[in-house]
Amino acid sequence: MTTENDTTTDPRFAALPCRPGKIVAVHLSYESRADQRGRRPAAPSYFFKASSSVAASGGTVERPAGTELLAFEGEIALVIGTAGRRIPLAQAWDHVGWVTAANDLGLYDLRANDKGSNVRSKGGDGFTPIGPQLIDARTVDPAGLRVRTWVGEELVQDDTAAGLIFPLAQFVADLSQHFTLERGDIILTGTPAGSSVIVPGDVVTVEVDDPATGATSGRLVTTVVEGADAAFDASIGSLPTVDDTQRAEAWGSAPPVDDVSSRSARSTTGSLSPALREKLERVPVAGLSAQLRKRGIDNVTIDGVRPLHPDAKLIGTAKTLRFVPNREDLFRSHGGGYNAQKRAFDAVGDGEVIVIEARGESGSGTLGDILAIRAHANGAAGIVTDGGVRDADAVTAVGIPVYTSGAHPAVLGRKHVPWDHDITIACGGTTVQPGDVIVGDADGVIVIPPTLVEEVVDAALAQEDEDAWIAARVAEGHPVDGLFPMNADWRARYEQETGAGA
């Protein structure tokens, strides 16, 4: 329901009963978010936001020029209806007049000097979109409230108040121990897993509803725009600054310490020398497969994948990424933010091939054009996935060699949870380890153990020369019997004419 705005005609506050005197936000409140951050608070902690940061649905928010880490946080907002001080927990929900949606936007570039107060990082104009409608708190079960967030068309947050570490009423009772909560004050109750970075052009939508009754806040829509001018003056205050810790937290989940280094230095595991790469360019995958078979290694083809660029040769060393089957709670904790998929594509190095384990499940995409562009920009040699590719035409246009089981329009979360990278995986029925040599052509993709690659490629080149000589003899009219494979007489002639036995 909506309510009459009784104190102001300012459109920023049109969805609210009045301009809020206080906006209090909870730092960390959802189990899924705590699991991402690797810490669980024993009691709620808070920070204030300025009422001037409130914005209405349908507006824009500026990412200041020179910054990179603007992040969204979809939240359930409580609007106080009845003032109170030292409110008992059992009566706390009675003081909540309304519930609605909020987006607790934050600029991580400004967080370093705020020491947890978030004054600058979350206090900017437009950094608290709220609304567009109010739900009467008397009509809903607070534990059944749901918050969902979309970036574009992709659902990135989906959780209920049942996933909170502390019940909603506890925030009201706790805060009232310290100061009077007044009518119109707002409590932002924290965000679940899935909060991440947004960029100019992104459209973020937040909705709070009660599935049991159908009551809804409506869709709270905010569009990100780029600030036109330099926003900060070093002579009067600190400038924005970012590091790997801020990037990891802004994207949503902290990568392991060794991954932070790899993103800076770029991995060169199993890098190929120019001479070896040149040899691999000359040998077809079929020839490499034959030589591995002679050495007792048969299970090295990545089956069920086809190239988006059949004329392009794929040569590089494996950087692995593993998806597990989608489970909704695990996707909430691992699917959003700076997840394993994003970390792998950020960290891929020059000459590496991202190899993705998707269990042969092609019922959703495992990457799209943005990640293909990121891999290409990093100098990656290619991508192999035994799952689907989303935005297949756009991925093809990027130009990087990609092998996939096919195109599919669905997003990752329909079938997969990004779980881990730089580990031993299974792709297309084949075991792949980081640093394995990956070679692909129109016939398919093969995995070569690094310790065998020099031996195998030299033997394959020799076999290619031999096969070319045999093909020439067949073209002259000789029967293949005794020639393919060569008997002793043909072998002697071959060695005499080519000097192969010398």
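Predicted model: local features only at pLDDT ≥ 70, side-chain atom pairs only at ≥ 80, totals over all residues.

Me: Why are α10 and α11 called roughly parallel to each other?

Reply: Helix α10 (residues 340–347) and helix α11 (residues 369–377) pack at an angle of about 30°, and their axes lie 8 Å apart. Angles under 35 degrees count as roughly parallel, and α10 and α11 are therefore described that way.

Me: What makes the contact between α10 and α11?

Reply: On the α10 side there are Gln341, Phe345 and Asp346, and on the α11 side Leu371, Arg374 and Ala375. Sorted by kind, the residues of this contact are three nonpolar, one polar and two charged.

Me: How do you know that Asn487 makes a polar contact at the start of helix α14?

Reply: A side-chain oxygen of Asn487 comes to within 3.2 Å of the backbone nitrogen of Asp489.

Me: How does the radius of gyration of the chain compare with that of a compact globule of 502 residues?

Reply: Such a globule would be near 23 Å, but the chain has 29 Å. The C-alpha atoms fill a box of roughly 105 × 55 × 40 Å along the principal axes.

Me: What share of the residues counts as buried?

Reply: Buried means under 20% relative accessible area, and 51% of the 502 residues count as such.

How values were computed:
Residues numbered from 1 in each chain as written. Heavy atoms only, no water. Axes fitted to C-alpha atoms, helices over the stretch in contact; angles between N-to-C directions. Helix = DSSP H or I, 4+ residues; strand = E, 2+ residues; numbered from the N terminus. Parallel < 35°, antiparallel > 145°, perpendicular 65-115°, else oblique. Contact = heavy atoms within 4.5 Å. Nonpolar A, V, L, I, M, F, W, Y, C, P; charged D, E, K, R; others polar. Polar contact = N/O pair within 3.5 Å; in protein donor to acceptor, adjacent residues only side chain to side chain. Rg over C-alpha atoms; globule rule 2.2 N^0.38 Å. Buried < 20%, exposed > 50% of the residue type's maximum accessible area, 1.4 Å probe, protein only.
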